[in-house]
Amino acid sequence: MAASKIVDETEVLRWFEEGRTYSWMVEEYRRKYNIETVPSMWGNFRRRRGLDRRLTRDEELIPWAVKAEHRWSFPVIMLRAEARRREGKELTEADAVRLASWLQMLDEENAVVYYDPDTEEGFHYVHREPSDRDIVRQPATKTGRQSRD
């Protein structure tokens with residue numbers, strides 16, 4: 001990463017604190033400074049500055065390689081929020097309310113999250129079985145991190 005591309009590190013650090021996405025940062029730098037950047041530059045900046053990862057990875061809650069087209073489905077967004085909560089990270093008030101409501105729905109419906117990458121929706125709610133120990137149906141084989149498709 002060329003140091004000259006970062007015009008104001010304080011501004012960039014604030015963006016990370018605000019939870020701005022890498023795509024937003026790319027567009028904002030283009031708009032504000034007429035400087036072309038790529039998402040990986042912002043990820044490298046985050047890593048070099050020792051900032052927390054943008055997404056909490058919890059392979060117990062998200063044990064699947066999630067396809068790109070399913071990455072922003074509501075159930076996986078809620079699973080990420082629950083992972084952040086379990087890690088002790090602060091949630092926005094809106095996220096905390098949404099998560100509490102979603103967890104209550106799972107409890108009331110006696111449901112867990114199931115992922116089938118070969119369906120259009122990807123994520124489904126299925127009836128909890130005795131073998132379900134958490135809020136997700138564990139796959140026979142964990143596929144881990146998100147797919148880069």
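The buried residues of α1 are Glu 11, Val 12, Trp 15 and Phe 16. Why do they sit on the same side of α1? They cover an arc of only 145° around the axis, and that puts them on the same side of α1. The arc here is that of the directions from the helix axis to the C-beta atoms.

Before I go on, a word about what we're looking at. This is a predicted model, where local features need pLDDT of at least 70, side-chain atom pairs count only at pLDDT 80 or more, and totals for chains, interfaces and linings use all residues. Residues are numbered from 1 along each chain as its sequence is written, and side-chain values use heavy atoms, with hydrogens and water left out.

Now, the overall layout. The protein chain has five helices and two strands, and from the N terminus on they run α-α-α-α-α-β-β. Helices (H or I, at least four residues) and strands (E, at least two) are DSSP runs, numbered from the N terminus. Of the 149 residues in the protein chain, 34% are buried. Take the contacts with a separation of 6 or more: residues 24 or more positions apart account for 57% of them. Contact, by the way, means heavy atoms within 4.5 Å.

Back to α1. What do its buried residues pack against? They pack against α2 and α3, the latter being residues 39-48. Let's look at the first of those partners. Two packed helices are described by the angle between their axes and the distance between the axes. For α1 (residues 9-18) and α2 (residues 22-33), the angle is about 145° and the axes are 11 Å apart. The axes are lines fitted to C-alpha atoms, for helices over the stretch in contact, and angles run from 0 to 180 degrees between N-to-C directions. From α1, the contact is made by Glu 11, Val 12, Trp 15 and Phe 16, while α2 brings Tyr 22, Trp 24, Met 25, Glu 28, Tyr 29, Lys 32 and Tyr 33. By class, that gives eight nonpolar, no polar and three charged residues. Ala, Val, Leu, Ile, Met, Phe, Trp, Tyr, Cys and Pro count as nonpolar, Asp, Glu, Lys and Arg as charged, and the others, Gly among them, as polar.

Next, the loop between α2 and α3, where we find Asn 34. Most residues other than glycine have a negative phi. Asn 34, though, has a positive phi of about 55° although it is not a glycine. Asn 34 counts as exposed because its relative accessibility is 66%. Glu 36 is in the loop between α2 and α3, and with a relative accessible area of 44% it is partly exposed. Leaving aside neighbours within four places in sequence, which residues is Glu 36 in contact with? Those are Lys 5 and Arg 30. Glu 36 and Lys 5 are 31 residues apart along the chain, with their C-alpha atoms separated by 8.5 Å.

Let's move on to helix α4. At 1.5 Å a residue, its 13 residues (74-86) should span 18 Å, and the end C-alpha atoms are 18 Å apart, which agrees. That expected span is 1.5 Å times one less than the number of residues. The buried residues of α4 pack against α5 (93-109), β1 (111-115) and β2 (123-127). One of them is Pro 75, which counts as buried because its relative accessibility is 9%. Not counting residues up to four places away in sequence, Pro 75 touches Trp 102, Val 113, Phe 123 and Tyr 125. Pro 75 and Trp 102 are 27 residues apart in sequence and 8.7 Å apart in space, C-alpha to C-alpha.

And finally α5. The buried residues of α5 are Asp 95, Leu 99, Trp 102 and Leu 106. They cover an arc of only 65° around the axis, so they lie on the same side of α5. On the other side of α5, Glu 93, Val 97, Asp 107 and Glu 108 are exposed. The buried residues of α5 pack against α4, β1 and β2. Just after α5, Asn 110 takes a positive phi of about 50°, and at 33% relative accessibility Asn 110 counts as partly exposed.

Technical notes:
Buried < 20%, exposed > 50% of the residue type's maximum accessible area, 1.4 Å probe, protein only.
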